[in-house]
Amino acid sequence: MTVAQADSPALASLAADPQLQRKPRTYWSMALQSLRRDLVTLIAFGFLAIMAVLSLLAPVIAKSIGVGPNDTNPDNAFQQPYLGPYIQWRTGQDPIRAPLMLGKSGGVPHWLGTDQLGRDQFVRLLYGGRVSLGIALAAAALTLILGVTIGSVAGFFGGAVDDLIMWFINTLSSIPGIYLLIIVTAMFKPNPITLTLFLGLLGWIGTARLIRGNVFKVRALDFVLAARSVGTRNARIMFQHVIPNSLPIIIVNAAIDIGSLILAESALSFLGLGVQPPTATWGSMLNRARNLIFLRDPETGASLALHLLSIPGILITLTVLALYLIGDGLRDALDPMMKNLR
Amino acid sequence: MKNRRLSVLAALLIAAMVLAACPQPTPVVETVKETVVVTQVVTQTEEVVVTPTPVPPVQGGVWVEGSSADATILNPILASDSASFDVLGWFFPSLLGQDPFSGAIVPTEMAASWDVSEDGLVWTFHLQDGVMWSDGEQVNADDFKFTYDAIGSDLVETPRKANLDNIESIEVLDPLTIQVTYAEVKCDALNNLGLGWLPSHLYAEDFSDVMDSPLNEEPTVSAGPFIFNEWTRDDNSTVLRNDGYWKGAPNMDGWIYKIVPDPGARLAQLQTGELDLIGVQPEQLTTVQLDANLNLHKFKDDGYSYIGLNQANPANPQAGQDEDGNLVEQDPHPILSDLAVRQAIAHALDYDAIISKVYLGQGFQIASNVLPAVGWAHDPSLQPYAFDTELASQILDDAGWTDSDEDGVRECNGCATAEEGATLTIRLQTNAGNTTREDLGALVQDQLNGIGFDIQFEAIEFGTLVGELLGQTFDMVIIGWTGLGTDPNDDSFWHSKFDTPGSGFNFVSYQNPRIDELLEQAVSVPGCATEERATFYHEIQQIINNDIPYVFVTGSVGNTGYSKKFNGTNPGPWSFYHNVETWSLAQ
């Protein structure tokens, strides 16, 4: 640094001032810095990361617990979560319940209880996370790539290109989704890959429309006109000016997309296009629990399946919420307009 | 700051890992079984001893039945929906009665007795004397003939035309004697004579006004326990006591059919007393059971769930008979045509667990194809297959299905039907969206894989499944029959002539000449006496039980919740109101 070489003591003290020592800030470093200050977004990131890591490690965790995701044990159906009794056992509050539960389950600790067939809910949630998150992320990526590309092209070039693309989009979206679903079911055996492709190939339409509208707006702005007037090429205007200025919309849209894709996956199970049972997904677990919620223990009147509804429900809620928060945080961090407000 | 957050994250992660991998203290194995009964299974029907009361029964009171759907037309030969029959059933006399508990045909309605010719083709019915329409006319044989002639008339469009199939002639010998002549003996068609009779004196003789008579909306003339009063569409129908009812006037003032589309609202109204009777959904059972003011009538219904096992090669579906009616030898299924494999499957399933956990207690194990609801034909002595995994494994071992490469899946090592070395791999399908069947599939897959099967389970769209089913291209399928009715004849499931790929219901390609013979004999008994028919059905049940074309999983159960407002209720599986004229208000 040049200031450090100055011989004036006043300048030297100035140079020691950390405020003046910082590096020049780029767009991305500014974004990163504002993200670091955004605790909520970081927590959301952390939550998603934990979910992702746990899901990836599902086979290892299942092995250490000693139960597979599809191992049934009808004699031990509707066992309540072991976690609470375990803590009470370990803290000496209730020395009986936890060992009793272990005895019933053959020594397997069902941390989050068992479902109607006696399958371990914790392990199923982990395996379900692999499928649900995997499908949602992959499909959202496909949606983004298709939607952003097609939407930008339509919005940027306008005219005949736009007409053609919009005609295609309108035609596609006028075919009832349920009709397409039935055709696809008849043609392909449902599995996670066809499901991803299907959700991705149907989902880009909305994204493309959104991007197209925003690109229309941006390309009429003064800085685009300025770039054009100095002879900048189309590709450069698009990648340097138009797309970065659409990023907030793209990111928020992507985060919301992933959330709704997690929910869409469960709805598709009804049509037989969902992931095949007994493979667990968060949506299918929640879906199954819906009808079981009325079951009550005839002696105590306590609900038997509350944990089957509440835990996957909370997990989906938290995951979708985390995605929305991340979308929101990223938009704040990336939006050039928001920069000066903080 | 950054580090701290990272460490929090790491701590969370580690905590989660520790939680999962934490070494467990030795479990205490408790022998006392904790009671985790899902719902209490009330298997026996309530026995109500009706003792003659010295004091006269209390008069008055109204019974309100809740329904999801309203009647559409109140004419017994034009209606086709159950809601219409719920209402019009009060007004029109019929030839044949039905035992409310066994479903057998009994002489409790207009036919007081009947004679059958030796060849079983000519039936002579002797009618009850002194049964009057509420306008004072006598109910007689002309009403019966008019009704069935109306069905045959070109002026009348009715879904009941098939009721005349096989009937050669209907003759009125005198006002109280009817003679019906059949083309051939078909005992399961006897029910076709059970439709309600129209009051012929109120209709034109040429049937020209049957379709648009005002009586179709307001059947003001009745010969039953109640007389029509009022019908407000999509809201309610009311009927009032018929003081001239030939079995004795009811004690109650009337009966109301109230339309409440929402099941939750129906339950709530039953609890408040606005309704007296509703069909109860499985998830509502506990509520009804815990309510001291309500009775629950749980009955064995006329349907069952099963796993169909394709006996023929799904790669080569063939019809069971050729054009001349000769048996066509089927290309056998490489695995499922082996009786030992079918026996192993039947023994490998934990039926008690399936019924209590998958069907939530709403079922009962059955041994064969005739249900206990058809009491006279059902063979109660036949034992269902017992859950015994060791026996199942033993059967497979003995039959040459062993796991020689120790990968957990058995291979054919000297088995009867498959190629040497072929694995015990079978597809199992059901319809997606039916959570009960999906649960059953997951359980069956896990239990069969536990003894060395390799079950590939998939839940597919219903239409696709039906295509595979009727096309006979499946291996194993989880599905069910409902609405089997009061007659035990189910030849369409087993007779080789119904093994027609693409349409027939014998889609498991079951072929047994003895069964074909027995099914035919059982419906052609002259006189159709239940005792004689029952012997055939007992043998049929025994053979089906031995051959295992289906693995019978559970019989269906129906639930009715009703108030304790009236004494004397004695519901049977086929009729709730059969003794309504004897009910009286509880004090």
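**Working through chains A and B**

Buried residues make up 42% of the 587 residues in chain B (buried: 20 or more other C-beta atoms within 10 Å of a residue's own, with C-beta atoms placed from the backbone). This is a predicted model, where local features need pLDDT of at least 70 and side-chain atom pairs pLDDT 80 or more, while totals for chains, interfaces and linings use all residues. Residues are numbered from 1 along each chain as its sequence is written, with chains lettered from A and ligands numbered from 1 in the order written.

**Exercise 1.** Find which residues touch the most other members of the largest nonpolar core.

*Solution.* Start with the term: such a core is a set of buried Ala, Val, Leu, Ile, Met, Phe, Trp, Tyr and Cys residues joined through C-beta atoms within 7 Å. Next, see who contributes: helix α8 (residues 121-157) of chain A gives the largest share, 16 residues (helices are DSSP runs of H or I, at least four residues, numbered from the N terminus). Finally, there's a second, separate core of 57 residues, including B:Trp63 and B:Phe228.

**Exercise 2.** Work out how α6(A) sits against α7(A).

*Solution.* First, get the geometry: α6 (residues 83-90) and α7 (residues 97-104) of chain A pack at about 130 degrees, axes 8 Å apart. Then list the partners: A:Pro85, A:Tyr86, A:Gln88 and A:Trp89 meet A:Arg97, A:Ala98 and A:Met101 (contact: C-beta atoms, placed from the backbone, within 7 Å).

Conventions. A residue is buried if 20 or more other C-beta atoms lie within 10 Å of its own, exposed if 12 or fewer, and partly exposed in between; C-beta atoms are placed from the backbone. Helices (H or I, at least four residues) and strands (E, at least two) are DSSP runs, numbered from the N terminus. Axes are lines fitted to C-alpha atoms, for helices over the stretch in contact, and angles run from 0 to 180 degrees between N-to-C directions. Angles under 35 degrees count as roughly parallel, over 145 as roughly antiparallel, 65 to 115 as roughly perpendicular and the rest as oblique. Two residues are in contact if their C-beta atoms, placed from the backbone, lie within 7 Å.
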